[in-house]
Amino acid sequence: MFRTILAAALAVFAAPALANDSVAELGTGGLILSRSDAVAMESENLFISQEKVTVDYVFRNNTDKDVSAIVAFPMPDIEGDPNEMPALPEAQSDNFLGFEVTIDGVDAKPQLEQKAFALGIDITADLKAQNVPLYPFGDAARAALAKLPKDVAEDWENRGIVIEDTADDGSGMQTAYAPFWQLRSTYWWRSTFPANKEVHVSHRYKPSVGGTSSVSFYYDGKFQGQYDTYKTRSCMDGAFESAVRKAAKENPDGYPKYFESRIAYILTTGGNWASGSIGNFKLTIDKGSAKNLVSFCGDNVRKVGPTTFEMTAKDFYPERDIDILLLEPSDNGGNGG
């Protein structure tokens, strides 16, 4: 059903805690409503680039009564592993994607719900009792762990909450405790949808862009390695693959002089509005530079600018998520596509 376009893995999408040399990208999506058979999504305009994701929604209450609902934006789960830090645009902040939202053009101030888990067990209260921030990658968490009583630190290590991490801080190798818990975060707010009226909701954030320093699916003169996975997720077509082969032939060393960037957008979560489909759906993807190669899955996609691709659909029901693969020249050369 999905067609490949010419010429960046997935993370678990957190459910709301109420009534989404290689760096991993975090899959992130859009808004989720508490179930309502009265509020329809008339339109969704989704824009994705390496610098930003913006989503503009038009919701409409088609009944004669006002409807109150919870609207949530689940942040992707993050794992506090010092050896596996994901791509985080705002690495020192609870709001690590820089999420912002407006309702009918007015800035909203959503609440942030956060829970920490180790081995599937809620350890939020343990962290708060020791004044340890829940966000695992900030400097504040490391500083707080350094002040833990010895018996608490040993207990937490045994329970999988922290792990010993040895690194050179400039004065030689030092061992300290590092976060090893999982953080689940959801922004949410209560919203009223007036009877027989539209509500315009817009939000934006910086995507988590994963990357690999070379092409992981083509080497030694053939497609291999991550090829099958990438082809399934990003729908690489013949033209895209031909561009990769051409780049490899042009390099005396025999490999394509590109590095990978990856963006994962979770489109299939949600659907709690009336009918479950989107009246008018528009997706725009910007590959950044005309020299970059891009591949992703979509129906009836067309190139609308030097770097932008567009897909539109009516009564759209998302059946798969969006995995965008970008190949960027690793020098000043390279071919666009």
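D151, E154, E157 and E164 gather on the surface in a patch of negative charge. The model is predicted.

**The negative patch**

- Helix α3, which spans residues 150-158, gives the most to the negative patch, with 3 residues.
- E164 is found in strand β13, which covers residues 162-168.
- E164 has a relative accessibility of 45%, so E164 counts as partly exposed.

- Strands of a sheet pair through backbone hydrogen bonds, and the pairing can be parallel or antiparallel.

- Strand β9 (residues 100-103) runs antiparallel to strand β16 (residues 198-205), and 4 bridges join the two.
- I103 has V201 in β16 as its bridge partner.
- β9 is also joined to strand β10 (residues 106-107) by 2 bridges, again in an antiparallel arrangement.
- In this pairing, T102 stands opposite D107 in β10.
- β9 and β10 form a hairpin with 2 residues between them.
- D104, in the turn of that hairpin, has a positive phi of about 50°.
- Strand β5 (residues 39-48) and strand β6 (residues 53-61) run antiparallel and are joined by 9 bridges.
- N45 has D56 in β6 as its bridge partner.

- Side chains of opposite charge can pair when their charged atoms come close.
- R262 and E25 meet through their side chains in a salt bridge, with an N to O distance of 3.1 Å.
- R262 lies in strand β20 (residues 258-266) and E25 in the loop between β2 (22-23) and β3 (28-29), so the pair ties together parts that are 237 residues apart in sequence.
- Both R262 and E25 are buried.
- E25, E260 and R262 are linked in a network of salt bridges.
- R184 and D77 also meet in a salt bridge between their side chains, at 3.7 Å from N to O.
- This pair links distant parts of the chain, 107 residues apart: R184 is in strand β15 (residues 182-193), and D77 is in the loop between β7 (67-74) and β8 (78-79).
- R184 is partly exposed, with a relative accessible area of 29%.
- D77 counts as buried because its relative accessibility is 8%, and buried means under 20%.

- K246 forms a salt bridge with E250, and their closest N and O atoms are 2.5 Å apart.
- Both residues lie in helix α5 (residues 238-250), where K246 and E250 are 4 residues apart, about one turn of the helix.
- K246 has a relative accessibility of 41% and therefore counts as partly exposed.
- E250 is partly exposed as well, with a relative accessible area of 47%.

Notes
Residues numbered from 1 in each chain as written. Predicted model: local features only at pLDDT ≥ 70, side-chain atom pairs only at ≥ 80, totals over all residues. Heavy atoms only, no water. Patch = residues over 30% accessible without salt bridge, like charges linked within 9 Å, V, L, I, M, F, W, Y side chains within 5 Å. Areas by Shrake-Rupley, 256 points an atom, 1.4 Å probe, with all protein chains shown as cover. Salt bridge = Lys/Arg side-chain N within 4 Å of Asp/Glu carboxyl O. Lys, Arg positive; Asp, Glu negative; His and termini not counted. Charge placed at Lys NZ, Arg CZ, Asp CG, Glu CD. Buried < 20%, exposed > 50% of the residue type's maximum accessible area, 1.4 Å probe, protein only. Pairing = 2+ DSSP bridges.
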